Amino acid sequence: MAVTQGTVVETVSVTGNTAPMKSVSLGFQNAGTIAHVFRYLGDQVNAGDVIAELDTAALSAALQQAQAAYNSAVASRSSTSLPETETQARNVYLSAYTTLDTLLQNDVDTFFGEPTIYGPQLLISAPNDYGQLPRARTALTYEMQEYQKTLGSVGSADPMMLLASATAVAQDISDFLDALAVVANDRGSNATAAQLTALATARSDVAALLSTLSNARETYRTQSVGATSLTNAGVEQAAAGVAVAKANLQGTRIIAPISGTVTRMDAKIGETISPADPLVTLQSNGTFQIETFVP
């Protein structure tokens, strides 16, 4: 070899060993049984060639199951949105109309008679009312008519909006009953025992309905948030399962990372191996280095 320093050139002879510039030892990432060996000792391989492969039947089935679970989770999230919770809310809205309509006709209207210019005639004595209660009763009639018009489209309406609307109507009726109770319980009202009993029943029914509507709103709010989080979590969990199954399947092959020659081959078909057992050694082609000592 020639060594140059300044103008001095000296030639010396040395001896040494040649070695490939790059050598890699390979094994499987997963445990399993070797099903195929595609390269043997002394064979030339290119980067990316599959050298050996494990039996993948069980892992392939696991990947298919994981993919099916993911598809099912996505379909469940996109096809339905809180069906039970929405149905419950809509049923409460429908039953609220029936409750309010019934108590107005059966209980409240025991206090009212034929129509007048102010509204239905008030059948008890109320000298200072000046037609306020008849007009309020007429307003409730119009409000209930609007409520009735919405019953046919409940299935396409937002459940929370429905519950809020029913609550508003029930509260208006509750306020009306409170005003009616002030007049009816006056000594000079001449209200009968049957009327007072009907009024008490109506007030009790409205109070119970307002509580039911409040609970329904809170239940829908809680379950809708919880159900959405649950379905999203289910999709994420299923996606993670697919990723794990794919990773397990990818670890069932020994793939050449470089081009070179197989200088060691311990992989045998039918043999059960552990992860990372060194089975194959590759030495790169073409480029070698000399290992020597220069005094």
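This note reviews selected strands, side-chain contacts and salt bridges of a predicted model.

1. The first point concerns Glu-53. This residue belongs to strand β7, which covers residues 50-54. Its relative accessible area is 14%, so Glu-53 is classed as buried, the limit for that class being under 20%.

2. The surroundings of Glu-53 deserve attention. The side chain of Glu-53 makes a polar contact of 2.9 Å with the side chain of Arg-253. When neighbours within four places in sequence are set aside, the residues in contact with Glu-53 are Phe-28, Ile-34, Ala-35, His-36, Phe-38, Thr-252 and Arg-253.

3. The next point is a sheet. Four strands form an open sheet in the order β4-β13-β11-β6, and their pairing is antiparallel. Strands β4 (23-26) and β6 (44-45) are at the edges; each has a single partner strand, and therefore one side of each has no neighbour in the sheet. In general, the strands of a sheet pair through backbone hydrogen bonds, in either a parallel or an antiparallel manner.

4. Strand β6 is joined to β11 (residues 260-265) by 2 bridges, and the two strands run antiparallel. Within this pairing, Val-45 is placed opposite Gly-260 of β11.

5. How many salt bridges does a search of the whole structure find? The search finds 8. One of them links the side chains of Arg-137 and Asp-109, with an N to O distance of 2.8 Å. Arg-137 is part of helix α3 (residues 132-149), while Asp-109 is in the loop between α2 (83-106) and β8 (112-115); the pair therefore ties together parts that lie 28 residues apart in sequence. Arg-137 is buried, at 7% relative accessibility, whereas Asp-109 is partly exposed, at 27%.

6. A further salt bridge pairs Lys-149 with Glu-146, and their closest N and O atoms are 3.2 Å apart. Because these residues are 3 residues apart in helix α3, about one helical turn separates Lys-149 from Glu-146. Lys-149 has a relative accessible area of 62% and is thus exposed; an area over 50% is required for that class. Glu-146, at 47%, is partly exposed.

7. Arg-264 has a relative accessible area of 32% and is partly exposed. Asp-266 is also partly exposed, with a value of 28%.

Terms used. Residues are numbered from 1 along each chain as its sequence is written. This is a predicted model: local features need pLDDT of at least 70, side-chain atom pairs count only at pLDDT 80 or more; totals for chains, interfaces and linings use all residues. Side-chain values use heavy atoms; hydrogens and water are left out. Buried means under 20% relative accessible area, exposed over 50%, partly exposed in between (1.4 Å probe, protein chains only). A polar contact is a pair of N or O atoms within 3.5 Å; within protein, one must be able to donate a hydrogen and the other to accept it, and residues adjacent in sequence count only if both atoms are side-chain atoms. Contact means heavy atoms within 4.5 Å. Two strands pair if DSSP finds at least two bridges between them. A salt bridge is a side-chain nitrogen of Lys or Arg within 4 Å of a carboxyl oxygen of Asp or Glu.
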